[in-house]
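Good morning, and thank you for coming.

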Amino acid sequence: MDIFENRLSEVSQHYQNGDVSLGFRRMIDSALDTGKTSILKDMIEFTEWKYKAQPDTAAENQKAQGLILKIRNAGTPAKDLSAQPLILAKGISKSYSKGGFKLGPLDVSVQKSEIVGLVGENGNGKTTLLRALGGELQPDSGKIDYHFSTPYKNSYDLQTRLVYIPQRIEVLRGGLMDNLQFTLTTHGITGEDNFYLAQTMLARMGLWPYKDLNWNRLSSGYKMRFELARTLLRKPEVLLLDEPLANLDILAQQIILEDLRYLSSSLLHPFGVVLSSQQLYEVEKVSDKIIFLDKGKLVNDSSIQPEIENEKYLILEVDSSAEREKLQLQLQSAGLVKVHFNGGNYVLYFAEDKSIQDVMAVMSSEKIPVTYIRDISNSSRRFFIN
Ligand SMILES: Nc1ncnc2c1ncn2[C@@H]1O[C@H](COP(=O)(O)OP(=O)(O)OP(=O)(O)O)[C@@H](O)[C@H]1O
């Protein structure tokens, strides 16, 4: 299979470039895609060596290349990689009797291997939408169709295909391995398959050094990683995550989002993801599409400013110590149309035919002090301006 081969070539390249941490995670993804316990056994042997011997980059690269070859020879039984809708929701709405909040009506679709970012400020209906999509909350109107690989039998079956991870995750007892092995056992996976799959998932989620710890000793960020590990072993078809980044530092946020990107496009067990977050930039970077909610309604350009529905701008967010009037004057030649200042950053609107390079050239020649610049023309960030 071409994609499998290509991915392994990328893994090999990551290792050769010295990006061992990324190479390691992606190598595990390919090992999992073989569906072979013998390969997972090799993967765990490699992991034990890596953590024990603490090899330098060259030594790890050399050993990794051997394992990559083995994984390549094992192949993958994965077949159907075409994009398929998993959830199709049409016109769904939900009101709460107390407080008067109303979500929707909205249309939402989630495809296989797709990441849908759900953004909006507090109290705008993200959790309500996630719970409705997850079958936890009955919408007042509209229709939600699920198209899974095989039809689901009942609501329990639906909950196993469609896993909702709330903001406050379940408290667990016992050790990490025990919990993962138990999850696999309840899904009919026993013996060596169970042991090596559980270990591989711990290694994949960066939990190998903590594998002998009890769950309650994990930090909150690692608890979220563990919850993901536990969930992925259940082979969900859709993962609904409510604020998974809330307790993570910025690096951990980026890693978990990248992980979701890679894991959801697994060849053997691809799944769709809907995740809510306040971390707009980070989420936009990995999302295939963004749903931006304001007071329960979908926000887009025309709903924010109907009068400029057809107007387009180059919109830049800029952090600068320059005074507003001076900045406005200096950037006139760059095609500046209007300026917003929210107290922290400037949001500058330029004529549509201008590019960020044009503006940066003028900034440079005018010696405008800039510590940060970002093109938000196509980012939901532009809706947060006022
Ligand atoms: N069971 C309920 N009964 C009445 N009102 C509710 C209920 N659950 C949520 N709400 C209200 O509905 C609105 C949307 O809540 P929701 O939790 O969906 O928003 P959110 O965007 O996820 O917010 P946050 O980011 O703060 O979690 C809020 O005003 C909330 O107070």
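Predicted model: local features only at pLDDT ≥ 70, side-chain atom pairs only at ≥ 80, totals over all residues.

Let me begin with a pair of helices. Helix α2, residues 20-34, packs against helix α4, residues 57-74, at an angle of about 20°, and their axes are 10 Å apart. Helices here are DSSP runs (H or I, at least four residues), numbered from the N terminus. Axes are lines fitted to C-alpha atoms, for helices over the stretch in contact, and angles run from 0 to 180 degrees between N-to-C directions. The two helices, α2 and α4, are therefore roughly parallel; angles under 35 degrees count as roughly parallel, over 145 as roughly antiparallel, 65 to 115 as roughly perpendicular and the rest as oblique.

Residues are numbered from 1 along each chain as its sequence is written.

The crossing of α2 with α4 is left-handed, that is, the near helix is turned anticlockwise from the far one by less than a right angle. Among the α2 residues that meet α4 are Val-20, Met-27 and Ala-31, and the α4 side includes Ala-64, Leu-67 and Ile-71; contact requires C-beta atoms, placed from the backbone, within 7 Å. This contact comprises eight nonpolar, four polar and one charged residues. Here Ala, Val, Leu, Ile, Met, Phe, Trp, Tyr, Cys and Pro count as nonpolar, Asp, Glu, Lys and Arg as charged, and the others, Gly among them, as polar.

How does α2 cross α3? Their axes come within 8 Å and cross at roughly 155°. That angle makes α2 roughly antiparallel to α3. Ile-28, Ala-31 and Thr-34 of α2 make the contact with Ile-39, Leu-40 and Met-43 of α3. By class, five of these residues are nonpolar, one is polar and none is charged.

Helix α3, residues 37-53, also packs against helix α8, residues 191-204, at about 45°, with axes 9 Å apart. This makes α3 oblique to α8.

Turning to the whole chain, its domain assignment, automatic or from a database, gives domain 1 (2-74), domain 2 (85-298) and domain 3 (312-384). The C-alpha centres of domains 1 and 3 lie 44 Å apart.

Finally, the residues around the ligand include Tyr-96, Phe-101, Lys-126 and Thr-127, where the C-beta atom, placed from the backbone, must lie within 6 Å. This shell has two nonpolar, eight polar and two charged residues.

Terms used:
Contact = placed C-beta atoms within 7 Å.
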